[in-house]
Amino acid sequence: MKGNEKLLTVLNSLLADELTAINQYMVHSEMCENWGYNKLHLDIRKQAMDEMRHAEWLIERIIFFDSAPTVSKLNTIKIGKTVSEMIGNDNNDELDAIRSYNDAIKLARQVDDQGTVDLLTMILKMEEGHVDWAEIQRAQIDQMGIENYLANQSKGVTT
Ligand SMILES: [Fe+2]
Ligand SMILES: [Fe+2]
């Protein structure tokens, strides 16, 4: 089925965001594992997997519209040097993602594409969950201090 050109450009831009997030989160997750913060490692790894599903769904949708997904484009990857920096960078990117998905949903509505509205809404809700997670971490760091927070993160099973 032929898709709206403007919407396809936006879907490809969202795909680049997702592919960027996958890489950023995989690196953050592995850095946490290297430091022995296993809980954080698993939490961030799970988010990388969520972003992979988003990328998969966007690719599926673009192909459904008989178009070729752009999978070779990445935005700037922002690797944090410390856990606080990582969570801060990820939180900002997730807030950007929420803005981008809301804008894309508006456009999909304008071109009467309810299927894309539904897909993007499902992804948006997951991004809101990611922001919620990052805000919880930042609140805990503020309240208990980074040392206590990190002590909690080093518990859990090694993968
Ligand atoms: Fe995502
Ligand atoms: Fe996300």
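At what angle do helix α1 and helix α3 pack, and how far apart are their axes? In this predicted model, α1 (residues 5–35) and α3 (residues 83–110) pack at an angle of about 165°, and their axes lie 11 Å apart. Because angles over 145 degrees count as roughly antiparallel, α1 is roughly antiparallel to α3. The crossing of α1 past α3 is left-handed.

On the α1 side, the contact is made by Lys6, Leu7, Val10, Leu14, Asp17, Ala21, Tyr25 and His28. Their counterparts in α3 are Met86, Asp90, Asp93, Ala97, Ser100, Ala104, Leu107 and Ala108. Sorted by class, this contact has 10 nonpolar, two polar and four charged residues.

The C-alpha trace spans about 55 × 25 × 25 Å along its principal axes. Of the contacts in the chain with a separation of 6 or more, 77% are accounted for by residues 24 or more positions apart.

Burial comes next. Of the 159 residues in the chain, 30% count as buried. The largest nonpolar core has 29 residues, and those with the most contacts inside it are Leu11, Leu15, Leu58, Val83 and Leu120. The elements giving two or more residues to this core are α1, α2 (38–64), α3 and α4 (114–153). Helix α1 gives the most, with 10 residues.

Definitions and conventions:
Residues are numbered from 1 along each chain as its sequence is written. Chains are lettered from A and ligands numbered from 1 in the order in which they are written. This is a predicted model: local features need pLDDT of at least 70, side-chain atom pairs count only at pLDDT 80 or more; totals for chains, interfaces and linings use all residues. Axes are lines fitted to C-alpha atoms, for helices over the stretch in contact, and angles run from 0 to 180 degrees between N-to-C directions. Helices (H or I, at least four residues) and strands (E, at least two) are DSSP runs, numbered from the N terminus. Angles under 35 degrees count as roughly parallel, over 145 as roughly antiparallel, 65 to 115 as roughly perpendicular and the rest as oblique. A crossing is left-handed if the near helix is turned anticlockwise from the far one by less than a right angle, and right-handed if clockwise. Two residues are in contact if their C-beta atoms, placed from the backbone, lie within 7 Å. Ala, Val, Leu, Ile, Met, Phe, Trp, Tyr, Cys and Pro count as nonpolar, Asp, Glu, Lys and Arg as charged, and the others, Gly among them, as polar. A nonpolar core is a set of buried Ala, Val, Leu, Ile, Met, Phe, Trp, Tyr and Cys residues joined through C-beta atoms within 7 Å. A residue is buried if 20 or more other C-beta atoms lie within 10 Å of its own, exposed if 12 or fewer, and partly exposed in between; C-beta atoms are placed from the backbone.
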